[in-house]
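Open the model in your viewer and keep the selection tool at hand. The stops below go one at a time.

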There are 2 protein chains.
Amino acid sequence: MSVAELIAGAQAGEQRDIARLISRIEDGSADAREAMQALAGFVGRAQVIGITGAPGVGKSTTTSALVSAFRARGNRVAVLAVDPSSPFSGGALLGDRIRMQQHATDEGVFIRSMASRGHLGGLAATTPQVIRVLDAAGFDAVLIETVGVGQSEVEVAATADTSVVLIAPGMGDSIQAAKAGILEIGDIFVVNKADREGAETTVRELLHMISLGQHEGWRPPVLKTVASLGDGIESLLAAIDEHRIWLVGSGQDRARKLRRIKDEICALVIGETKSRLSIRAAEIDSLSEAVLDGAMDAYAAAEQLN
Amino acid sequence: MSVAELIAGAQAGEQRDIARLISRIEDGSADAREAMQALAGFVGRAQVIGITGAPGVGKSTTTSALVSAFRARGNRVAVLAVDPSSPFSGGALLGDRIRMQQHATDEGVFIRSMASRGHLGGLAATTPQVIRVLDAAGFDAVLIETVGVGQSEVEVAATADTSVVLIAPGMGDSIQAAKAGILEIGDIFVVNKADREGAETTVRELLHMISLGQHEGWRPPVLKTVASLGDGIESLLAAIDEHRIWLVGSGQDRARKLRRIKDEICALVIGETKSRLSIRAAEIDSLSEAVLDGAMDAYAAAEQLN
C-alpha cells in the first residue's frame, strides 16, 4: 500500500494501517519522509502522557488502568510501550502487551511496543513522528510507557506533555530517588502499591523533595494508587486533566510541543551523522586499531571522520 | 598548571592532579585534546569493571566493599560514579561519595562523581578518556558505578572490560528483568541483599534466563552477596579475576578495548555534530516554529541544518 493510502486508513481509524505506517516510520525509509511531509502540521491535538519509573513499580498495570479510565469516558487511547530492549540482540519482549491483553479487542485502543534502538535518530526522532501519526489517527490520549531510569526518562520528559513518575514504597531512599534524576522530570508523582508498608514515608519524602525544588507555576502533586485494584486511578486522571489545563493556560503547552519538535529535528541531524558513521565502519575499525596501538589519539581519529 | 604538569603529577599518583586533569577533560576544552594526545597509548593496563543495576540494589555498598577487597590485596583502585544526574539542573548528588567516605583518606583510592551530561560527546566520549587518565596514573582497577537501567547500562557495558549486574530479591519478575535488557550486558550477575526473602527465587530465575541465552565461551555466573556485611565479596572478586583471565585468553580483551575506542571516536564525531547544532540554536528555534505551524516537516528542517 502507498503511504497516502495508509494515511487515509489511519485517519479512518484502521488499526492495521496505523501499525503499518508506524513500521515504515521505524524503518526510516523514504516512506517515513513521505509520511512526515503528508502529516506535517499534525501536532497537538492528542494529549501525550509519559508513564515512567524503575522496573517493578507497576507501570504496565497503571497504564492499563489509565487506558480503562480514558475509555470509560469515551476517549480513544494509544499506548506506546518503549522497551529499552536488549541492546545487543535488539529483541523486545511482549510482556507489556500481555498485560494489556484486556484491551486487545477494543477498537478504541491502539497498543504498540517500540524498540529503543535501530532507528535513524533513535527514539528521540521516532517517537514524535509516531505521535504525529497517532494524532492524525484521532487518538485523544497517547500514553508512552518507558522502562527504567536515566536517559530514556529524559527523552520521555522531552516528548510528553505530562510526565507521570511512578514510585513504589521501599524502592530506595531519597538519595536513590534523587540520583535517578526523576524529580525535575515529573509533573505528577504517583506512589503505586500504596497498600504496602512504607507508602506514607515515600509520600512524605517526595513531598519534602518537591518542596526543595523550584516550580514555575505548577507544583507536582503526589498521589497514591493501587493500580492493580484500580484505586486512585480516577484521581490520577483528574491530575492529568488539571495539568493539561495548566499547560494550555500558561503557554507551556506550546513550549513543550516546540521542545518536542526541536528534539526531533536535532535527533534527525544526529541520525544523519550516525548513518554517515555506519557507512564508514571499516575505516573506523582501522582508526580504532591505530588508537589502541598508541599511533594516534581519539580526537585525531574523529577528525578524519568529520 | 599546564597539561604536561598535570599529567606528570597524575603519573606520580597525585590525587589533586588527577582530579584537575579529569575536570579539563570534562570541559572538553583544548586542554582535553592536548591531554589525550599526550596519553595516547594508555589503554589497557587497568582493569575496568562496570557495576550496574536499578536504584536500591546496593551498588554503592557493593562498590565500596569491592574497593576494600582490592585494597586488601594491595591494588590501587579508582571509582567513577556515573550519576544520570538531573537532566535539567545538571546537578549531581554527593550520596555516593558519602557512602564511600571510609575510603576518603586512603591515598590508594580515587573517587570521582561524573555527571552524565554536559560534555561534548557525552559519557560515551568522556568515560574512555577519564579511564585513560586513570590508567596513566597507575590504578590497577577502575570501578564504574552507574545508576539505573537502560541506555546508561549499554554505555557501561561498552566501556567496561567486565560488567557486574546487581539485582536485589523481589525487584520484579523475570519479565521486568528481561525488559531492562540486562541479560546480554552482564558478565557476572550478583543477587545482593541475599539474606532477604526471595533471593533463591531470583537466583533460579537468573540461571534459567542465562541458560536460554547464547554465550560465546563465557557463561555468566550468578553470585549471592550481602554487601553491607561484606558477605560474598571475595567470591565476586574471584569471579572478576576469572573473567579477566578468560578475556585475555580468548582475545576478547583486545576486542572490548577496540570497541571502547570505537565508541569513543564515534561519540566525538557525534559530539562535533551536537556542538554544531548548539551554535545554531536560534535557527533551530525558528525551524521548530515552522514545523509546529505545519509550514514544514521535520525532515526538511533537519536538512537545512546538515
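**Stop one: a helix pair in chain A**

H2(A) passes H3(A) in a left-handed crossing. The model is a predicted one. Select residues 15-27 of chain A for helix H2 and residues 30-39 of chain A for helix H3. Their axes lie 7 Å apart, and the packing angle is about 120 degrees. Angles over 145 degrees would count as roughly antiparallel, and 65 to 115 as roughly perpendicular. H2(A) and H3(A) are therefore oblique to each other.

Now show side chains. On H2(A), pick A:Leu21, A:Arg24, A:Ile25 and A:Asp27. On H3(A), pick A:Asp31, A:Ala32 and A:Ala35. These residues make the contact. Colour them by class: four are nonpolar, three are charged and none is polar.

**Stop two: B:Leu237**

Move to chain B and select helix H10, residues 233-250, where B:Leu237 sits. Buried would take 20 or more. Leaving out residues up to four places away in sequence, B:Leu237 touches B:Leu66 and B:Ala69.

**Stop three: B:Glu107**

Stay in chain B and go to the loop between helix H5 (95-99) and strand E3 (109-115). B:Glu107 lies there. B:Glu107 counts as exposed because it has 9 C-beta neighbours inside 10 Å. Finally, select B:Gly13, 94 residues from B:Glu107 along the chain. The C-alpha atoms of B:Glu107 and B:Gly13 are separated by 8.5 Å.

How values were computed. Residues are numbered from 1 along each chain as its sequence is written. Chains are lettered from A and ligands numbered from 1 in the order in which they are written. This is a predicted model: local features need pLDDT of at least 70, side-chain atom pairs count only at pLDDT 80 or more; totals for chains, interfaces and linings use all residues. Axes are lines fitted to C-alpha atoms, for helices over the stretch in contact, and angles run from 0 to 180 degrees between N-to-C directions. Helices (H or I, at least four residues) and strands (E, at least two) are DSSP runs, numbered from the N terminus. Angles under 35 degrees count as roughly parallel, over 145 as roughly antiparallel, 65 to 115 as roughly perpendicular and the rest as oblique. A crossing is left-handed if the near helix is turned anticlockwise from the far one by less than a right angle, and right-handed if clockwise. Two residues are in contact if their C-beta atoms, placed from the backbone, lie within 7 Å. Ala, Val, Leu, Ile, Met, Phe, Trp, Tyr, Cys and Pro count as nonpolar, Asp, Glu, Lys and Arg as charged, and the others, Gly among them, as polar. A residue is buried if 20 or more other C-beta atoms lie within 10 Å of its own, exposed if 12 or fewer, and partly exposed in between; C-beta atoms are placed from the backbone.
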